[in-house]
Amino acid sequence: MSAAVEPLEAREVTLLDVLDRVVDKGVVLAGDLTISVADVDLIYVGLKVLVSSVERMESLRRGWGSAVWEVEPW
Amino acid sequence: MTAPAGGHDRRQEPLPVAETCLYLYAVTRGGAAVDVGAGMDGRSSVRSVAWGELEAHGSFVLVDEFGAEALRHRAQDPQELEELARRHQRVVEQIHRARTALPFKLGTLCADERAAAQLLEQNHGPLLEELTRLDGCDEWGVKLFADRRQVEAALVETAPLPGSDGSEAVGAGRAFLMRKRAASELAARTGAFLSALSTQASEELASLAEEVRREDLTVAGLGAHQPGAELILSAAFLVPRRRSEGFLDGVRRFAASKPGLRAFVSGPWAPYSFVRVVEGGPP
């Protein structure tokens, strides 16, 4: 990895970013074979407002994988 | 409880057999085994089921813990929801790291491995098409924030506001009106500037990517806070893995090109935001 893409300040990917994807998006297969898709969407929308306070408690993490970082300091 | 007297050969009641099902994480093309380890429940390991050119990745879970009812209940607790979402994401991420994965939505279950194979069989065409389209690509999330005050200062510097040079000697009433007019003009200029900047960012970054999905800013803004800064772009970009560095450099360059801009990047993700809903089922 070149220095240019080295995260300046990597921390575990925010819960909001995770929820936005795993709850909201992805493959949905219609038909009888899939027995259930959790109906958590509505709960999640309400949660979005609460989430930002949870984010502050998150700890540092480095390495490969989904990380969020600031690409330019102020 | 004390055992009833006598009957030493009395058979014990069999424990009720807990019902299991297969929790699904993602679909990929077939290939070398992906060693992911334990799945959602932290016990049962992730296995793959193949059909044709496809593989579904899942792990056995207890219906009592991960069935629709159980998940609905558990998701009401923010900490539980976080735990569920992160576990799901971790597994998907490991699979996607090995080869392009079409992630399932959180909480997708099927009865067993046979049902998973049937699922692949019935949707083979559209799933393979999606995998071909997204092959070798990652999703990157970009959030751009602008510091309104810095932007305003830069705008005033390039084009002074009416009456701001203080050369005119005017009465207090007129000075008040001029200040008001200048403030509203500044607000309008800043708004127009930020909106143009948002479009410009999206277009410039899209040129380094295959596809872009912009998120509605009112929705995105609910959870994205930066003190003193305004969210001007929240978008997902589909980027071929070999072009990741160029894309990230592009984000960095854009953020550095204007005063008061701050960019946050997340990724690489499996292409969650770019998977089209696949509607299959028996013909």
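This short talk walks through a few helices and their contacts in the structure shown above. The model is a predicted one, in which local features need pLDDT of at least 70 and side-chain atom pairs count only at pLDDT 80 or more, while totals for chains, interfaces and linings use all residues. Residues are numbered from 1 along each chain as its sequence is written, chains are lettered from A in the order in which they are written, and side-chain values use heavy atoms, with hydrogens and water left out.

Let me begin with chain A, whose secondary structure comes to two helices and three strands, where helices (H or I, at least four residues) and strands (E, at least two) are DSSP runs numbered from the N terminus. Along the sequence these elements follow the pattern β-α-β-α-β. Of the 74 residues in chain A, 53% are buried, and buried here means under 20% relative accessible area, with exposed being over 50% and partly exposed in between, for a 1.4 Å probe and protein chains only.

Turning to chain B, helix H7 (residues 172–206) has 35 residues and reaches 51 Å from its first C-alpha to its last, close to the 51 Å expected at 1.5 Å a residue, the expected span being 1.5 Å times one less than the number of residues. Its buried residues include Met178(B), Leu186(B) and Leu205(B), and what covers the buried residues of H7(B) includes strand E6 (137–147) and helix H9 (244–257) of chain B.

H7(B) and H9(B) pack at an angle of about 160 degrees, with their axes 10 Å apart, and that makes H7(B) roughly antiparallel to H9(B). In this pair, residues including Leu197(B) and Glu204(B) of H7(B) meet residues including Phe247(B) and Gly250(B) of H9(B).

Key. Contact means heavy atoms within 4.5 Å. Axes are lines fitted to C-alpha atoms, for helices over the stretch in contact, and angles run from 0 to 180 degrees between N-to-C directions. Angles under 35 degrees count as roughly parallel, over 145 as roughly antiparallel, 65 to 115 as roughly perpendicular and the rest as oblique.
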